[in-house]
Amino acid sequence: MRVMAQMSMVMNLDKCIGCHTCSVTCKQAWTNRTGVEYVWFNNVETRPGLGYPRTYQDQEKWQGGWVRTKRGKLKLRAGGRAKKLATIFSNPKLPSIHEYYEPWTYEYDMLLSAPQGPHTPVAKPKSLLTGEDMKIEWSANWDDDLGGSKETMQDDPILQHMSEHVASEFEQTFMFYLPRICEHCLNPACVASCPSGAMYKRAEDGIVLVDQDQCRGWRMCVTGCPYKKVYFNHKTGKAEKCTLCYPRLEVGLPTVCSETCVGRLRYLGLVLYDADRVTEAASVEDEHELLESQRSVFLDPHDPEVVAAARAEGIPEDWIAAAQASPIWALIQKYRVALPLHPEYRTMPMVWYIPPLSPVVDVVGSSGNDGEDPRTLFAAISKLRIPLEYLAGLFTAGDTVPVERTLRRLAAMRSYMRDINLGEEPNEAIARAVGMTGTEIQEMYRLLAIAKYEDRYVIPTAHQEIARELEEISCSLDFDGGPGMGGMGGAGPFGSSSGTPVPVAVENFHVLQARQTADSPNGPSTSGRVNLLNWDGNGRPAGLFPPGSPGGAEGPGRDTSGDDTAAR
Amino acid sequence: MTGASTGSILLWVVFPYVTFAVFVVGSVWRYRYDKFGWTTRSSELYEKKLLRLGSPLFHFGLLFVILGHLMGLVIPKTWTEAVGISEGAYHFVATYMGALAALVLVAGLLILIYRRRTTGPVFLATTRMDKVMYVFLAASIVLGTWATVQTQLLAANHGYDYRETISPWFRSLWYLQPQPELMAGVPAAFQLHIVAANLLFILWPFTRLVHAFSAPVPYMFRPYIVYRSRDAAVASREPRPGWDPSEGPRAKR
């Protein structure tokens, strides 16, 4: 037994309202740069839908993840080492940017600088790849809220795999949101696919990262990841991915997506697992067994034997304590209401989901029945085959039994707690029907419904008594125009990607400075104008005021005071 | 080095050594200074169809051409004759395999250049350095192909025997006993090809061509899953080269 700690996440899909706040704040924090315009480390998909990139779940097509060979070994679906090297000059299974979407901006300046005319000026969309006019035909979230889904829905890989019926009436049946980040898998196929050895799993907390200095841009990780959560920065020629906001986690803060989640549906915490058993557990023959085999890899942090083994591995006491208080452990193993996304990819994903009960409740409610009555609800869960099968396609490789069990627990919780809220005696039979006790149901209810910040995010800080990170403050190369000056400062000598990566603080400084003093690179087409939408109110960029008359005394940049103001 | 003119010494002794020095020092410097810029800078994301055809043609063609160069330049004529390969057999293999490789290489190059010029995003992502590099790369390849066609394919008998002149000269550079006089009577096509190649090698460390050094051969031998300790990144000791074996990722704190 080799105990390792894994930082993981659970999302409660019943609470997701599809507001995309997580996506937007993540983008602001991590991917608001050129080269990754099209990249969303966090995205929220409407299901049923095509996802982002389109049909990424169709592994027949994209060849992500692992497959089990006849001899019971795991191999990368896209091919092993030799095949990787043989196809290195042109990766046949790489999604093109159009599978994600062509990034664009708008010609905002036309709104300001268009000459007077009979028509209202419009801001035409401009491609960020070519700078040309473009027609917007797809985006990261084109089928949001089932918009336009009549056209595209039949291509949803999950629906295509579902056995019968379905067709069109599901649109009235259900819809839910699926927020996705990197799964930080226990058996990551992206890491296994990287020819350069630049991708790695952190031994301390299991976060999967890309070493930007070692990445050579072979693009195999993009193919390897079945969730398509490794992205190619087309400006720097390097792979980038969700970092689980490790700089925040190391100091005990939750990820940006969790912190800003409006519905408070995300939970963060540690799971202890047996690293020796991962490969074996990922290789079980029956896909339906994968859920249980992954659960069997997790170690009970309250077990004295596990605690002793963890200590022997050098896991610090506060980490063991955090693993014991982990909401992830509780949701996955204690209440067993969380399920992994696509266990059949055999990567052992570590972002789990509590499937939504709301589609079922909605149907029951809209048919005039009591949506919280246990008998109606239990009957409805097993009767509404389409949502059940669809959820099974996402979370259990098509096996409806665990999904049904989970939904019944959630339904039981609703009914049980309603009695308490109405001041009646709780019905213990409801709890027993789903194999729980009343106390357990109340504890689960606390965790799911009213858990506070520190209950949802149990994050031990990194042990770095040496504060090396603070070195970032002084980097001698970061003088103005120096080689370390990055961000908007312009390209290095060998193209835009060259030079050392710029410390975040320096990059922020330059981005801010550039925003104050210049316009965005995709700014106005007329020179000497300022894009007010991008101006943050500081400083006085050139062109903020129209040029004065040629003979006039006042220049455009002068302070306005006294007579000047009057003259205007 | 008796009997060699100053010009010939400059061209066939000084110039190759300067090239070598720039190539080696430049690459080391670039690796130390600019690991972040050390990448293929692939444009596959923008365009796939032409790349799918052109890139393997170009790269595999190039690999064969490099093999051919090694065979022709490094292995002395006496060695191949000692193992019983006649001049005729060698010439036949070298010429026709070489011509085939050149054909594949040139076809790939043409497709890639066409793609780079006509695909909007790919052309926009082309730096000035890329363009300069393309000129010298294409020049080397075209001149080499020309030399093969003119002096080997179209020539009578066994064609021009570079293994009597160019190859010994090339090896003499490595022995540090350069013999520029060997290059005196070499056909112009070969001479130009060598000059162009030298210029390309001088440019090499400063272009995206450095990705050739990153051929991921260790991938064949490493464990699939790579673990690294966070502590290694913040420790005062230099991390050891290589990978932590996947079965022993002990969290050291």
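In chain B, the residues B:Phe15, B:Pro16, B:Thr19, B:Val22 and B:Phe23 of helix α1(B) meet B:Asn198, B:Phe201 and B:Ile202 of helix α8(B), where contact is taken to be C-beta atoms, placed from the backbone, lying within 7 Å. By class, this contact has 6 nonpolar, 2 polar and no charged residues, with Ala, Val, Leu, Ile, Met, Phe, Trp, Tyr, Cys and Pro counted as nonpolar, Asp, Glu, Lys and Arg as charged, and the others, Gly among them, as polar. This is a predicted model, in which local features need pLDDT of at least 70 and side-chain atom pairs count only at pLDDT 80 or more, while totals for chains, interfaces and linings use all residues. Residues are numbered from 1 along each chain as its sequence is written, and chains are lettered from A and ligands numbered from 1 in the order in which they are written.

**Helix pair in chain B**
- The axes of α1 (residues 6-33) and α8 (residues 188-203) of chain B come within 8 Å and cross at roughly 25°; helices (H or I, at least four residues) and strands (E, at least two) are DSSP runs numbered from the N terminus, and axes are lines fitted to C-alpha atoms, for helices over the stretch in contact, with angles from 0 to 180 degrees between N-to-C directions.
- The helices α1(B) and α8(B) are therefore roughly parallel to each other, a label given to angles under 35 degrees.
- The crossing of α1(B) and α8(B) is left-handed, meaning that the near helix is turned anticlockwise from the far one by less than a right angle.

**Domains of chain B**
- Chain B is divided into domain 1 (6-215) and domain 2 (222-253), with bounds that come from an automatic or database domain assignment.
- The C-alpha centres of domain 1 and domain 2 of chain B lie 39 Å apart.

**Cis peptide bonds in chain A**
- A cis peptide bond, with omega about -5°, joins A:Arg47 and A:Pro48, and A:Pro48 lies in the loop between β2 (43-47) and α2 (59-62) of chain A.
- The peptide bond from A:Tyr52 to A:Pro53 is cis, with omega near -5°, and A:Pro53 lies in the loop between β2 and α2 of chain A.

- A:His20, in the loop between β1 (3-12) and α1 (21-30) of chain A, has a positive phi near 65°.
- With 20 C-beta neighbours inside 10 Å, A:His20 counts as buried, the cut-offs being 20 or more other C-beta atoms within 10 Å for buried, 12 or fewer for exposed, and partly exposed in between.
- B:Arg41, in the loop between α1 and α2 (49-74) of chain B, has a positive phi near 45°, and B:Arg41 is buried, with 24 other C-beta atoms within 10 Å.

Terms used: Angles under 35 degrees count as roughly parallel, over 145 as roughly antiparallel, 65 to 115 as roughly perpendicular and the rest as oblique. Two residues are in contact if their C-beta atoms, placed from the backbone, lie within 7 Å.
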